[in-house]
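Here is a short briefing for a first look at this structure. Please keep the sequence and the 3D view at hand while reading.

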Amino acid sequence: MAKLSPSLLASDFSHLADQVALIEEGEAGFVHMDIMDGQFVPNITFGGPVVKSLVGKTKLPFDIHLMIEHPEHRIPDFATPQTEYIVVHQEACTHLDRVIHQIKELGCKAGVALNPATPVSTLECILGEVDMVLIMSVNPGFGGQKFIPYTVLKICELDEIRKNEDLDFLIEVDGGVTLDNAAMLVESGADILVAGSAVFGAKDVPARCREFHEIIK
């Protein structure tokens, strides 16, 4: 069964704990946190202090997505007792292997994200070391964008590699995920769906989470 990881990027930042409580009520699998630095992407969100403020406010594990330059300098800020995944961008890491092991040494699972135009082949040497690959299905930096169709081919390619090489990394998809394309993404090989506006834009957030579960179970 695939899991839902609602993105706080689309939530009400003035009531973050309450927003997280809503997705927990809807039995989401994770809470997805987009960390943006205004350099790797044009937007700025929040940092370690905000993430740490949510520790103990929910039972949901944290799915941390670092859209920042030189993530190796900030990774320790996000390795909280509730952090399950820390995901860095292939495009932001000069020494990706070193960063992957840095994350694991802090007790977290390590993931690598690929921008839409970055080919899966750039991860050929590291797939055996990662716990998750995040396929960006929009260009990172802003919520509410439309899904880029060709990114489905990357999901399928990763799933084929995983099967052929007997690897166990998960595939996460982030960007433009909706109730309309969720089933197709899971059928293509996705294990975790990140949804922002499609969840927090609903009048009844817990009910919307349950709608996703019915589709991706």
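**Briefing: sheet, charges and cysteines**

Asp159 is buried, with a relative accessible area of 11%. The model is a predicted one. Asp159 still has a charged partner: its side chain forms a salt bridge with Lys163. The points below begin with that pair, then turn to the sheet, a helix residue and the cysteines.

**Salt bridges**

- The count of salt bridges comes to seven.
- Between Asp159 and Lys163, the closest N and O atoms are 3.1 Å apart.
- Both residues sit in helix α5 (residues 151-164), four residues apart, so about one helical turn separates them.
- Lys163 is exposed, at 58% relative accessibility, whereas Asp159 is buried.
- Shared partners link the salt bridges of Asp159, Arg162, Lys163 and Asp191 into one network.
- Another salt bridge joins Glu84 and Lys109, again with 3.1 Å between the closest N and O atoms.
- Glu84 belongs to strand β4 (residues 83-89) and Lys109 to strand β5 (residues 109-114), so this pair ties together parts that are 25 residues apart in sequence.
- Glu84 is partly exposed, at 25% relative accessibility. Lys109 is also partly exposed, with a relative accessible area of 35%.
- Arg74 and Asp77 form a salt bridge too, at 3.8 Å from N to O.
- Arg74 is partly exposed at 48%, and Asp77 is partly exposed at 26%.

- Five bridges pair β4 with β5 in the parallel sense.
- Ile86 stands opposite Ala110 in β5.

**Around strand β8**

- Which way do the side chains of strand β8 (residues 192-195) point? Ile192 and Val194 point one way, and Leu193 and Ala195 point the other way.
- All of these residues are buried.
- In a regular strand, side chains alternate between the two faces of the sheet.
- On one side, β1 pairs with β8 in the parallel sense over four bridges. Leu4 stands opposite Leu193 there.
- Strand β7 (residues 170-174) also runs parallel to β8, joined by three bridges. Glu172 stands opposite Ile192 in that pairing.

**A buried charge without a partner**

- Asp63 lies in strand β3 (residues 62-67).
- Asp63 is buried but has no salt bridge.
- How far away is the nearest side chain of opposite charge? That side chain is Lys109, 11 Å away.
- Asp63 has contacts beyond its sequence neighbours, including Ser5, Phe30, His32, Tyr85, Met132, Glu172 and Val194.

**A buried valine in a helix**

- Val51 lies in helix α2 (residues 48-53).
- At 0% relative accessibility, Val51 is buried.
- Val51 and Gln82 are 31 residues apart in sequence, with their C-alpha atoms 9.8 Å apart in space.

**Cysteines**

- The count of disulfides is zero.
- Cys108 is in no disulfide, and the nearest cysteine sulfur, that of Cys93, lies 15 Å away. A disulfide would need the two sulfur atoms within 2.5 Å.
- Is Cys108 buried or exposed? Cys108 is buried, with a relative accessible area of 6%.
- Cys125 is in no disulfide either. The nearest cysteine sulfur to that of Cys125 belongs to Cys93, 15 Å away.
- Cys125 is exposed, with a relative accessible area of 78%.

How values were computed:
Residues are numbered from 1 along each chain as its sequence is written. This is a predicted model: local features need pLDDT of at least 70, side-chain atom pairs count only at pLDDT 80 or more; totals for chains, interfaces and linings use all residues. Side-chain values use heavy atoms; hydrogens and water are left out. Helices (H or I, at least four residues) and strands (E, at least two) are DSSP runs, numbered from the N terminus. Buried means under 20% relative accessible area, exposed over 50%, partly exposed in between (1.4 Å probe, protein chains only). Lys and Arg count as positive and Asp and Glu as negative; His and the chain ends are not counted. A salt bridge is a side-chain nitrogen of Lys or Arg within 4 Å of a carboxyl oxygen of Asp or Glu. Contact means heavy atoms within 4.5 Å. Two strands pair if DSSP finds at least two bridges between them. Lists of a residue's contacts leave out its neighbours within four places in sequence.
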